[in-house]
Amino acid sequence: MKRKLLGKTPEELKAMALEAGLPAFAGKQLAQWMYVKKVRSIDEMTNISKAGREKLSELFDLGYTSASTCQISKDGTKKYLFPVKCALGHGLNACETTPDDKMEEASIEAVMIPDDDRKTLCVSSQSGCKMGCHFCMTGRQGFHGNLSVADILSQFIAVDEAQELTNCVFMGMGEPLDNYENVKRAIEVLTADWGFGWSPKRITLSTIGVLPNLRKFLDETKCHLAVSLHNPLPEERGSMMPVQNAYPIKDVLSLLRQYDFSGQRRVSFEYTMFSGFNDDKVHADALFRLLKGIECRVNLIRFHQIPDFPYGTSPSGVMDMFRDRLNRLGITTTIRASRGEDIFAACGMLAGKHKEKLQ
Ligand code: SF4
């Protein structure tokens, strides 16, 4: 498989340019075309000679993939579907070094959520997921592979709103900390002056708490963090989220207590409300005790029913009571507005399939 240009640093691009017989400064030109102008083909790089572009195409792939479909919700949310070939292996070059016949053909989704003056892109980091959270459509489909950096960045370039995006959340398909090297490089490209030039404050990574890589993420980036908590009681959480057995939430919180979330960087906790499972006073009080002392916010999420799952969503009144109780106890808590449910784009519903195939 040809090496991909998308996702490389200017230094790496310089080496690739030299390999193609181009001058060293073409490395910077390549970065500009891909990350600032967001071109979708090597042919659009018009300040590189035609012969140079031909040589580049002979040796390398741009790495850009366009969306195959786009569904638009009645609330303006847009869901883009992408075909991908992904690798089961880990590491920055896994997708470039895995032989073609060992790559898994799959699809992933990205969701663009408009909100007043914001346009947030919810991106995928893996096709499927191995974490197996029982309430999640992505988890149910199993694991197909890790996305390359190019596949992660393509989601930002392919959407109609590519030049208008204000924020991004790594909250689509997959557990981003299970594909950490590629996600970290994508964040580097997004935040570098030579890259997209975004502030890390525009980026939030959502995780269920994969501890070793969580520590790396906290040390190596300045992006915001969202932790999927969903139940403060260890046994109940474990019954819904197998990760609890490997990395108990109390250990995740001990780690978070070592970092400062009172300034530029924020941490929030995602709490999906399941009727009769995690939505009473006992759970609100246990959640308060668990999070006490951490500068944070709790986002309550309406559960979107999926087939063969024993719990429904908590009624609105119950969610309001849960929110008010936590706020009274001093934990800032809001109910997150649900977006794109009619096109299966809401939290926990992404499955990389067309709606009709889900039914
Ligand atoms: Fe994976 Fe996140 Fe779904 Fe859990 S909730 S199965 S970590 S995608």
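Tutor: What follows takes the domains, their interface, the salt bridges and the ligand shell in turn. This is a predicted model, where local features need pLDDT of at least 70, side-chain atom pairs count only at pLDDT 80 or more, and totals for chains, interfaces and linings use all residues. Residues are numbered from 1 along each chain as its sequence is written, and side-chain values use heavy atoms, with hydrogens and water left out.

Student: What makes domain 1 and domain 2 separate domains here?

Tutor: Domain bounds come from an automatic or database domain assignment. That assignment gives 3-61 to domain 1 and 69-358 to domain 2. Their centres, taken over C-alpha atoms, lie 33 Å apart.

Student: How many residues of each domain take part in the contact?

Tutor: Domain 1 contributes 16 residues and domain 2 contributes 18 residues. Contact means heavy atoms within 4.5 Å.

Student: What is meant by the area buried between domain 1 and domain 2?

Tutor: Buried area is the accessible area (1.4 Å probe) that two parts lose on being put together, summed over both. Here the value is about 1,400 Å², with 58% from carbon and sulfur atoms.

Student: Why is the pair Lys 8 and Glu 96 called a salt bridge?

Tutor: The rule asks for a side-chain nitrogen of Lys or Arg within 4 Å of a carboxyl oxygen of Asp or Glu. Lys 8 and Glu 96 meet at 2.8 Å, N to O, so the pair qualifies. Between domain 1 and domain 2 the count is two salt bridges.

Student: How do you know that Glu 54 and Lys 50 form a salt bridge?

Tutor: Their closest N and O atoms are 3.1 Å apart. That is within the cut-off, so the label holds. Both residues lie in helix α3 (residues 50-59), four residues apart, about one turn of the helix. Helices are DSSP runs (H or I, at least four residues), numbered from the N terminus.

Student: Which residues surround the ligand?

Tutor: Among them are Cys 129, Met 131, Gly 132 and Ile 208. A residue counts if one of its heavy atoms lies within 4 Å of the molecule.

Definitions and conventions:
Helices (H or I, at least four residues) and strands (E, at least two) are DSSP runs, numbered from the N terminus.
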